[in-house]
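Let's take a friendly walk through a protein chain together. Keep the picture beside you and look up each part as we reach it.

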Amino acid sequence: MICPHCEKSLLRKERPGNVCGKCGRKYALDPRTNPLQLNDLRVRRTALGLTQDGQVPCTSEQLWYALSRKSLRKGEGGMGCGVVLVIVALVLGLVGLGSEVAVVAVIGGLALFAGVGMMVADVTGRGRPRLTREAFRTGPLEAWKSVYGSLPPGVIDDSPYPNPPSTPDAEPAPGTPRDRLFLVCPDRSVAVFLDAAGLTARYGVTLVAGPAALPATPGREPVLVLHDADAHGLLLVHRVRTAQPTRPVADIGLPLGAVHGLARAVPVRGERPPANVMQGLASSGEFSPAQLKWLGQGWGYPLVGVPPAKLLAAVSRAVEKAGTAADPRRRRAASVGFMTWPEESG
């Protein structure tokens with residue numbers, strides 16, 4: 001590996017205890033000792049790309065996904081070895097046909113069994129994180145902080161859910177529109193990102209974690225729903241609309257049809273959703289049988305996988321559109337146009 005301090009190439013024996021044998025300085029991550037094969041230079045380079053050189057924030061879970069993409073796509077990485085073992089088993093089988101040596105057949109059978117097992121493990125392991133979000137936070141990121149004293153440049157802590165600017169049932173502050181915007185976002189990391197990026201302060205958005213946190217009294221305040229493209233996320237919009245029948249509800253989450261099968265969108269596989277969730281999705285009539293089967297296996301695309309700048313831009317556009325629709329003054333201004341030149345009177 002390359003030392004992140006002196007940038008000299010180091011053999012395994014030249015870096016005992018994560019200390020460079022050439023410059024004597026300690027580093028955080030050794031690719032030989034963590035499941036994602038991370039090193040300090042790769043983490044810095046990835047964080048720099050996500051934050052666009054510090055222009056936007058990035059949370060630890062957004063960094064987790066970016067660093068996990070390769071392993072999520074490749075699974076356990078045993079496909080190549082499995083194929084080799086199967087080929088060896090077939091060769092040994094052919095040799096064993098013309099031989100009376102039973103050990104050849106036994107070795108061939110074992111090689112075939114091991115090869116097929118490795119190939120199956122690789123396929124079933126695709127999409128399953130080698131390191132969970134929590135394990136990433138308590139493992140590599142803690143090791144990073146112990147060496148450098150803080151998270152990688154531009155990365156913010158996403159452990160606390162952001163406090164909403166006001167409680168749902170409280171009166172709006174003087175001078176603010178009566179029709180406030182509520183943004184339902186159950187993903188803690190994405191909510192922290194949007195808050196840190198200034199979206200809540202800029203647009204007066206109230207962030208809530210789920211339908212239960214919305215006002216219990218009837219109202220006309222718009223509700224935006226931001227969600228993952230997985231079974232639970234795709235059903236969330238229907239749950240919000242059922243819980244808030246008097247409010248306009250807009251789905252601004254990841255649409256499954258826009259990312260399913262896209263080469264750049266790497267899915268994550270989790271636990272299979274319960275039967276009632278799948279029944280709700282099936283009854284909506286929005287998804288094909290193939291999509292329902294895929295979702296039922298636990299597959300999905302997480303919001304933390306969307307590049308931070310792209311996610312912020314998309315949510316900002318949705319909030320601006322909803323705010324314009326909810327505020328009569330903004331509707332009138334939008335109909336005139338900010339750059340509209342007044343007509344000369346004749």
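What follows goes from the whole chain to a sheet, then to some helices and single residues.

**The model and the chain**

This is a predicted model, in which local features need pLDDT of at least 70, side-chain atom pairs count only at pLDDT 80 or more, and totals for chains, interfaces and linings use all residues. Residues are numbered from 1 along each chain as its sequence is written, and side-chain values use heavy atoms, with hydrogens and water left out.

The chain has 14 helices and eight strands. Helices (H or I, at least four residues) and strands (E, at least two) are runs assigned by DSSP and numbered from the N terminus. Of the 346 residues, 42% count as buried. Here buried means under 20% relative accessible area, exposed means over 50%, and partly exposed is in between, using a 1.4 Å probe and protein chains only. Contact means heavy atoms within 4.5 Å. Among contacts between residues at least 6 apart in sequence, 72% join residues at least 24 apart.

**A sheet of four strands**

In what order do the strands of the open sheet lie? The order is E4-E3-E5-E6, and the pairing is parallel. Its edge strands, E4 (205–208) and E6 (249–251), each pair on one side only. From one strand to the next, the twist averages 25°. Two strands count as paired if DSSP finds at least two bridges between them. In general, strands of a sheet pair through backbone hydrogen bonds, either parallel or antiparallel.

Now look at strand E3 (residues 181–184), which runs parallel to E4 and is joined to E4 by four bridges. Leucine 181 has valine 205 as its bridge partner in E4, and phenylalanine 182 stands opposite threonine 206. Within E4, Val205 and Leu207 point one way while Thr206 and Val208 point the other way, and all are buried.

Helix H9 (residues 231–243) packs on this sheet, where it touches E3, strand E5 (223–225) and E6. The direction of H9 makes about 175° with that of E6. Such angles run from 0 to 180 degrees between N-to-C directions, with axes being lines fitted to C-alpha atoms, for helices over the stretch in contact.

**Histidine 227**

The loop between E5 and H9 holds histidine 227. Is histidine 227 buried or exposed? Histidine 227 counts as buried because its relative accessibility is 1%. Its side chain makes a polar contact of 2.7 Å with the side chain of aspartate 251. A polar contact is a pair of N or O atoms within 3.5 Å; within protein, one must be able to donate a hydrogen and the other to accept it, and residues adjacent in sequence count only if both atoms are side-chain atoms. Not counting residues up to four places away in sequence, histidine 227 touches several residues, including Gly233, Leu234, Val237 and Leu303.

Helix H2 (residues 60–74) has 15 residues, so at 1.5 Å a residue it should span 21 Å; its end C-alpha atoms are 22 Å apart, which agrees. The expected span is 1.5 Å times one less than the number of residues. H2 also has a kink of about 50°, centred on serine 68. The bend at a residue is the angle between axes fitted to the seven residues ending there and the seven starting there. Among the buried residues of H2 are Trp64, Tyr65, Leu67 and Ser68.

In helix H12 (residues 289–296), the buried residues are Gln291, Leu292, Trp294, Leu295 and Gly296. What covers them includes H9, helix H10 (256–259), helix H11 (275–284) and strand E8 (299–300). Just after H12, glycine 298 takes a positive phi of about 95°.

Glutamine 52 lies in the loop between helix H1 (40–50) and strand E1 (58–59). Aspartate 53 is also in the loop between H1 and E1. Glutamine 52 is not a glycine, yet has a positive phi of about 50°. Aspartate 53, not a glycine either, has a positive phi of about 60°. Alanine 143 belongs to helix H6 (residues 140–148).

| Residue | Relative accessibility | Class |
|---|---|---|
| Glutamine 52 | 39% | partly exposed |
| Aspartate 53 | 60% | exposed |
| Alanine 143 | 26% | partly exposed |

Alanine 143 and tyrosine 27 are 116 residues apart in sequence and 9.0 Å apart in space, C-alpha to C-alpha.
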